[in-house]
Amino acid sequence: MSKESVTSPSAEGIAASARAAGAKARGLPPVHLWNPPFCGDLDMRIARDGTWFYLGTPIGRVELVRLFSTILRRDGDDYFLVTPVEKVGITVDDAPFVAVDFEVSGSGESQELRFETNVGDHMTADPDHPIRVIRDPETGEPSPYVLVRTNLEALIDRKSFYRLVDIGVHHEGWFGVWSGGAFFGLIPSDELLAD
């Protein structure tokens, strides 16, 4: 391969490939089936608040962010935008998505929590889409997450986390929430009662 035929990955090229792949797919593109060559890193970053940046500038077009979100894949600790013909690395500060709201239906063990992300994904917390909480070892500050799809989580925003706490119950030594037939512990009951 000559040096003239090697091109650097660009957001425009990735977007064009994603549009072409998305036109053939019903629903989300099957990024888990694609195994293109790694083409390098792209100067793209997803901030903790869910803002996508390209070359240091926020991407203001919601439909472009949504398009990129559909071809996002996590392999190990690394994040990639993947099309049938290329795979480029991007930086994710925390989780790639933010759960900005949820709806509650049912009650008790039959309760369901349906989350919405900043890019328009919807999922019901259940054994396939678990909620988990990581606490900062120094401050104790909780960071709650819900699994959106394979290896890709959404950070649950503060207002939604407070709403989860409002509907939480104690179960088997944990304070947490029911959804989709599963109980998700947010904090050990004894720690909550000690506060």
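1. Which residues lie nearest the centre of the second largest pocket? They are Val31, His32, Leu72, Arg149 and Thr150, out of 13 lining residues. Here a pocket is an open set of points on a 1 Å grid over the protein atoms alone, where a 1.4 Å probe fits, with protein on both sides within 12 Å along at least five of seven lines; lining residues have an atom within 4 Å of a point.

2. The model is predicted: local features need pLDDT of at least 70, side-chain atom pairs count only at pLDDT 80 or more, and totals for chains, interfaces and linings use all residues. Residues are numbered from 1 along each chain as its sequence is written, and side-chain values use heavy atoms, with hydrogens and water left out.

3. The second largest pocket holds about 200 Å³ of space, a volume being the space filled by probe spheres set on grid points joined across faces, edges and corners. Strand E4 (residues 72-75) supplies the largest share of its lining, 4 residues. Strands (E, at least two residues) and helices (H or I, at least four) are DSSP runs, numbered from the N terminus.

4. The largest pocket has about 440 Å³ of space. Of its 21 lining residues, Glu141, Pro142, Pro144, Phe161 and Tyr162 lie nearest the centre. Helix H3 (158-167) and strand E11 (142-149) are among the elements that give two or more residues to this lining, and H3 gives the most, with 4. By class, the lining has 12 nonpolar, 2 polar and 7 charged residues; Ala, Val, Leu, Ile, Met, Phe, Trp, Tyr, Cys and Pro count as nonpolar, Asp, Glu, Lys and Arg as charged, and the others, Gly among them, as polar.

5. Glu141 also forms a salt bridge with Arg158 (3.5 Å, N to O). This pair links Arg158 in helix H3 with Glu141 in the loop between E10 and E11, 17 residues apart. A salt bridge is a side-chain nitrogen of Lys or Arg within 4 Å of a carboxyl oxygen of Asp or Glu. Arg158 is exposed at 52% relative accessibility, whereas Glu141 is partly exposed at 38% (buried is under 20%, exposed over 50%, partly exposed in between; 1.4 Å probe, protein chains only).

6. The salt bridge count is 13. In one of these, Arg48 and Asp94 bring their closest N and O atoms to 2.8 Å. Arg48 lies in the loop between strands E1 and E2 and Asp94 in the loop between E6 and E7, so the pair ties together parts 46 residues apart in sequence.

7. Glu153 and Arg132 meet in a further salt bridge (2.6 Å, N to O). Glu153 is buried at 12% relative accessibility, while Arg132 is partly exposed at 36%.
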